[in-house]
Amino acid sequence: MMHDWNPWWIGGGLAAVILLIALGRWLWHFARAVQVERARELFRLQHERFEEMLLAAAATTGKPRGLIWRHCEIIGDAVLARDAQREIVALVPVVIRFEPVEGSEMEHVPAAREPRTATAIFHFDRGHWRTDGRIVFNLSPGQSLAHFGSKLTKIESRH
């Protein structure tokens, strides 16, 4: 048995499929933009908590040897980027203060007590910021972005 395929039905079906694909792409991009703005806003609202989180995580690494992590202060806005897995990463300018461990080789090094500028790395995971204490010393967030090269892609702000 033969079916009569009306060209209008075929054209209409094709147009509907194309429209659904376009709508799906638009929704996907919109959801990603909302996620970035949510991540940006959460970081602005809770940066004091992130200072504590970073300090606790970094202290567990045992680096740098002979120094105790005493204070962390976020000193600017985060630079957001996407990593190779397309996850959101924040590169955050911080000032870190250490105290030498008593009896360590760092105890009598005056520079050990000097504040150090660095970039802290945070990851946005399932709607929450987290860190493993990773710090890039002596580089700003922009320099850190360049240092990581193709591993990170900056997310441009839409403001």
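Which residues of H2 are buried? In this predicted model, where local features need pLDDT of at least 70, side-chain atom pairs count only at pLDDT 80 or more, while totals for chains, interfaces and linings use all residues. Residues are numbered from 1 along each chain as its sequence is written, and side-chain values use heavy atoms, with hydrogens and water left out. The answer for H2 is Phe50, Glu51, Leu54, Leu55, Ala57 and Ala58. Here "buried" stands for under 20% relative accessible area, "exposed" for over 50%, and "partly exposed" for what falls in between (1.4 Å probe, protein chains only).

Now for the overall layout. The chain has three helices and seven strands, where helices (H or I, at least four residues) and strands (E, at least two) are DSSP runs numbered from the N terminus. Reading from the N terminus, the order is α-α-β-β-β-β-β-β-α-β. Of the 159 residues in the chain, 34% count as buried. Helix H2 covers residues 47-59, which makes 13 residues. From its first C-alpha to its last, H2 reaches 18 Å, close to the 18 Å expected at 1.5 Å a residue; the expected span is 1.5 Å times one less than the number of residues.

Next comes the inside. In soluble globular proteins, nonpolar side chains tend to be buried together. A nonpolar core is a set of buried Ala, Val, Leu, Ile, Met, Phe, Trp, Tyr and Cys residues joined through side-chain atoms within 4.5 Å. The largest core has 24 residues, and Val94, Phe122 and Trp129 are the ones touching the most other members. At least two residues of this core come from each of H2, strand E1 (67-74), strand E3 (88-100) and strand E4 (116-125). E3 gives the largest share, with six residues. Another core sits apart from this one: it has nine residues, including Ala81, Ile121, Phe148 and Leu152.

On the surface, Leu20, Leu23, Trp26 and Leu27 make up a nonpolar patch with about 440 Å² of accessible area together. Patches take residues with over 30% relative accessible area and no salt bridge, joining like charges within 9 Å and nonpolar side chains (Val, Leu, Ile, Met, Phe, Trp, Tyr) within 5 Å. The areas come from the Shrake-Rupley method with a 1.4 Å probe, and for residues only the protein chains shown count as cover. Leu27 belongs to helix H1 (residues 7-45), and Leu27 counts as partly exposed because its relative accessibility is 44%.

What about the rings? Five aromatic pairs turn up in the structure. Rings of Phe, Tyr and Trp (its six-membered ring) pair if their centres lie within 6.5 Å; planes under 30 degrees apart are called stacked, over 60 edge-to-face, and the rest tilted. Trp69 and Phe98 are edge-to-face, at 4.7 Å centre to centre with 65° between the planes. This pair links distant parts of the chain, since Trp69 is in strand E1 and Phe98 in strand E3, 29 residues apart. Trp69 is buried, at 9% relative accessibility, and Phe98 is buried too, at 5%. Phe98 also pairs with Phe137: the centres are 6.1 Å apart and the planes at 45°, so this pair is tilted. Phe98 lies in E3 and Phe137 in strand E6 (residues 135-137), so parts 39 residues apart in sequence are tied together. Phe137 is partly exposed, at 24% relative accessibility.

A search of the whole structure finds four salt bridges, each being a side-chain nitrogen of Lys or Arg within 4 Å of a carboxyl oxygen of Asp or Glu. One of them joins Glu105 and Arg65 (3.5 Å, N to O). Glu105 is in the loop between E3 and E4, and Arg65 in the loop between H2 and E1, 40 residues apart. Asp125 meets Arg126 at 3.9 Å, N to O, and Arg130 at 3.4 Å, N to O, and these residues form a network of salt bridges. Asp125 is partly exposed at 28%, Arg130 is partly exposed at 40%, and Arg126 is exposed at 78%.

Arg126 is found in the loop between E4 and strand E5 (128-130). Arg86 is also not a glycine and has a positive phi of about 70°; Arg86 is in the loop between strand E2 (79-82) and E3.
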